[in-house]
Amino acid sequence: PNSAINIVSHDDNSDFSIKTASSNNFYEADLNAKITTLVDGVKIKFNPSSFILNEKKWNLDKQGEIRITRNEVSAKEVKFTQGFQEIVIETNEEEGGNVSTLLVKLRNVVLGDITNIFTNGTNLEGIATGTIELNDFYNKFNATSSLSVEQFRIDDDSLGLIQLNANYDSKTGQFKTKFKS
């Protein structure tokens, strides 16, 4: 693909830019960030950026920030938008100040644009709204999701509105899903 990476560094700060595109223009990225090296990790502050996924342009307008250190993962104001679709990543602080839990909030996200990257042969379609919780990145990573999916279809077979709950536990390696229509 056509790609260009630009990094300008001074002390513990780097301005990072990557521009890349596939030859068929289905996928493209223009990502820009200021990266600060910390004693025990890294802080990434995004500048306005965008990427194209399935011919749809997603924007990261605000200067969202992700911080990854030895003991915490946190995010604030990381918001991707595409028309009526929205994906927000933020920290969910637990009691005692534990900040190794991230929430990924979906609003009106077209599943087919994302799932076709990860699935081979099975078409999953619909419009998803809900939350995915990513927990305990450093010990026993696990993820849970609670999604409402409108107009849900599997390989052109319509199930309509469904409630989808899923979880993954790295300790057991199990991925479980439960849905009702």
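**Entry 1: the pocket**

I began with the term: on a 1 Å grid over the protein atoms alone, a pocket is an open set of points where a 1.4 Å probe fits, with protein on both sides within 12 Å along at least five of seven lines. Grid points are joined across faces, edges and corners, and a volume is the space filled by probe spheres set on the points. The model is predicted, so local features need pLDDT of at least 70 and side-chain atom pairs pLDDT 80 or more, while totals for chains, interfaces and linings use all residues. Residues are numbered from 1 along each chain as its sequence is written, and side-chain values use heavy atoms, without hydrogens and water.

I looked up the largest pocket and found a volume of about 710 Å³. Its lining has 28 residues; a lining residue has an atom within 4 Å of a point. Thr 115, Ile 132, Leu 147, Leu 164 and Phe 175 lie nearest the centre.

Which strand gives the most to the lining? I found β13, with seven residues. Elements that each supply at least two include α1 (111-118) and β12 (124-135). Helices (H or I, at least four residues) and strands (E, at least two) are DSSP runs, numbered from the N terminus.

I then sorted the lining by class: 23 nonpolar, five polar and no charged residues. Ala, Val, Leu, Ile, Met, Phe, Trp, Tyr, Cys and Pro count as nonpolar, Asp, Glu, Lys and Arg as charged, and the others, Gly among them, as polar.

**Entry 2: two positive phi angles**

I checked Gln 151 in strand β13. Its phi is positive, about 55°, although Gln 151 is not a glycine. Gln 151 counts as exposed because its relative accessibility is 53%. Exposed means over 50% relative accessible area, buried under 20%, and partly exposed in between (1.4 Å probe, protein chains only).

I also checked Asp 156, in the loop between β13 and β14. Asp 156 has a positive phi near 70° and is not a glycine either. Asp 156 is exposed, with a relative accessible area of 55%.

**Entry 3: Tyr 27**

Is Tyr 27 buried or partly exposed? Tyr 27 has 35% relative accessibility, so I noted it as partly exposed. Tyr 27 is in strand β3 (residues 27-38).

**Entry 4: the whole chain**

The C-alpha trace spans about 55 × 45 × 25 Å along its principal axes. Of the 181 residues, 30% are buried.
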